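Let's walk through this structure together, one neighbourhood at a time. Have the sequence at hand and follow along in the viewer.

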Amino acid sequence: MPKSILQQDVWHEALAKLVDELATEDFYSCFASACELVSGYHSTMVVWLNRSSRPILMAHDLPEDQAQATIDQYLAGAYLVDPFHGLFENRSPDGLYRLKDIAPDNFLRLSTTEATTPIPS
């Protein structure tokens, strides 16, 4: 049986690096890399949420062709329909939440359609 990622040297190295980067400007990028390692995702955007202001971008590793549009749209207001932002605003308990468990029905389909459909002016 293969080892869990949490039992592999690559995870231990990532965790050690994460601890080394605490309180540095590289912490959030390192955190994103560690999350990708255990989740299997290939890109991450880390934002700081605050109830009195818009989210603040802390780090991302999105491909440049996706970064501009994704980040600009999110920070300009798309965060208001982000189910994770909703959890934050509603003061939900700390925990690990999957998008498919917290998003409204058809959220991913609608988000993809809306993101690729031009809005008439």
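**A walk through the model**

The side chain of Asp82 comes to 2.9 Å from the backbone nitrogen of Phe84. Keep in mind as you look that this is a predicted model. To find Asp82, go to the loop that joins helix H3 (64-76) to helix H4 (83-89). Asp82 is buried but forms no salt bridge. How far away is the nearest side chain of opposite charge? That side chain belongs to Arg51, and it is 13 Å from Asp82, whereas a salt bridge needs the charged atoms within 4 Å.

Next, turn to the aromatic rings. The model has three aromatic pairs. In one of them, Phe27 and Phe31 have ring centres 6.1 Å apart and planes at 20 degrees, so this pair is stacked; the stacked label applies because the planes are under 30 degrees apart. Both residues sit in helix H2, with a spacing of four residues, or about one turn of the helix. Are these two partners buried or exposed? Phe27 counts as buried because its relative accessibility is 17%, and the cut-off for buried is under 20%. Phe31 has a relative accessible area of 34%, so Phe31 is partly exposed. Ring pairs also bring in Tyr28, linking Phe27, Tyr28 and Phe31 into a cluster.

Tyr74 and Tyr79 form another ring pair: their centres are 6.2 Å apart and their planes lie at 55 degrees, so the pair is tilted. That angle falls in the tilted class because stacked planes are under 30 degrees apart and edge-to-face planes over 60. Tyr74 is buried, with 12% relative accessibility, and Tyr79 is buried too, with a relative accessible area of 10%.

While you are looking at helix H3, pick out Ala67, which is found in this helix. Ala67 counts as buried because its relative accessibility is 4%. Where along the chain is Met45 relative to Ala67? The two are 22 residues apart in the chain, and their C-alpha atoms are separated by 9.2 Å.

Leu15, Val19 and Leu22 make a nonpolar surface patch of about 260 Å². One of these residues, Leu22, belongs to the loop between helix H1 (9-20) and helix H2 (27-39).

Key. Residues are numbered from 1 along each chain as its sequence is written. This is a predicted model: local features need pLDDT of at least 70, side-chain atom pairs count only at pLDDT 80 or more; totals for chains, interfaces and linings use all residues. Side-chain values use heavy atoms; hydrogens and water are left out. Patches are made of residues with over 30% relative accessible area and no salt bridge: like charges are joined within 9 Å, nonpolar side chains (Val, Leu, Ile, Met, Phe, Trp, Tyr) within 5 Å. Accessible areas come from the Shrake-Rupley method with a 1.4 Å probe; for residues, only the protein chains shown count as cover. Helices (H or I, at least four residues) and strands (E, at least two) are DSSP runs, numbered from the N terminus. Buried means under 20% relative accessible area, exposed over 50%, partly exposed in between (1.4 Å probe, protein chains only). Lys and Arg count as positive and Asp and Glu as negative; His and the chain ends are not counted. A polar contact is a pair of N or O atoms within 3.5 Å; within protein, one must be able to donate a hydrogen and the other to accept it, and residues adjacent in sequence count only if both atoms are side-chain atoms. Rings of Phe, Tyr and Trp (its six-membered ring) pair if their centres lie within 6.5 Å; planes under 30 degrees apart count as stacked, over 60 as edge-to-face and the rest as tilted.
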